[in-house]
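Reader: I am new to this structure. Please show me how to read its features.

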Amino acid sequence: MAADTPPPPTRVLVFGASLRGDSLNGRLASLVARLIERTGATVDLARMGEFAMPVYDADTEESEGLPRGALALRDRLAACDALVISSPEYNASVPGGLKNAIDWVSRVRPQPFKDKQALLVSASPSLVGGNRGLWALRIPLEHLGTRVYPDMFSLAQAHEGFTDSGDLADSGLGQRLTETVESFLRLVEADTRYACLQHRWYEFLGDRTDAPVTQRAQD
C-alpha cells in the first residue's frame, strides 16, 4: 500500500449470540453496530440463527467434517479485524449454543480466534445484566488466543432498557457504551494498522507457529 493511500476501514463482526428472534442481545448488537458505523468502520452484523450446527461430537467431526454453520462463522470471523459478541447469560454462565459454536470453530486450522481483538457485551432482565456470563465467556476465548478487551458492558433490566428507536433509555449508560466502543476501536486500529507492534502473546495451547512462547506481554 502506497504511503499516501488511506487504509481500508476497520472491519468488525458484531455477533448477537441469542437464538431468539427479537432478543435483548440482538437489540444490543444492533445498537453496537450503529455505534461502530458512526466511526467510519464497516460492520458485519450476524446472529446465532445463521450458523446452525449440531452439538460438538468428535465422531461427527471425523466422519462428516465441520458443519457448514461452523465454516460460515469461521469465514465471517476471518474476514474481519475484530469481533463484538453480545451474549445472553444462562444460569450465570455462557449459553450452550455459543459455547458449542466456539468449540466447533476452534477446530479449524489455522485457529481463527487467535490474535483476534474482541469486545464482550450483554443484555439481561436481571440486576447484573449478564455480567457473570461474560466473565465465563472470557475463559474459552482467551484460551484460544483472543485478545478480549478488559472493559465489558452489561445492560441490567434490559427489558426496560431500550427506547423505541433502539437506543439506551439511560443516557449515562448510552454514553458509557459509546465510549467503550470507541476506545475498543482505537485499540483495534492500532493493532491492525501499525506494523511496528509485534505480538508475542500466545495463550492457545494448540498453537504451532514458529514464534516462541514468551511471557504474557506485548511489545
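Reader: In which hand does α1 pass α6?

Author: A crossing is left-handed if the near helix is turned anticlockwise from the far one by less than a right angle, and right-handed if clockwise. Here α1 passes α6 in a right-handed crossing. Contact means heavy atoms within 4.5 Å; L28, L31, V32, L35 and I36 of α1 make it with L177, T178, V181 and L185 of α6. By class, eight of these residues are nonpolar, one is polar and none is charged (Ala, Val, Leu, Ile, Met, Phe, Trp, Tyr, Cys and Pro count as nonpolar, Asp, Glu, Lys and Arg as charged, the others, Gly among them, as polar).

Reader: What should I know about the model and its numbering?

Author: The model is predicted: local features need pLDDT of at least 70, side-chain atom pairs count only at pLDDT 80 or more, and totals for chains, interfaces and linings use all residues. Residues are numbered from 1 along each chain as its sequence is written, and side-chain values use heavy atoms, with hydrogens and water left out. Helices (H or I, at least four residues) and strands (E, at least two) are DSSP runs, numbered from the N terminus.

Reader: Which strand is joined to β1, and by how many bridges?

Author: Strands pair if DSSP finds at least two bridges between them. Strand β1 (residues 11–16) runs parallel to strand β2 (residues 42–47), with six bridges joining them. G16 is opposite R47 of β2.

Reader: Which residues of α3 and α4 meet?

Author: A70, L73 and R74 of α3 meet A101, W104 and V105 of α4. Five of the residues in this contact are nonpolar, none is polar and one is charged.
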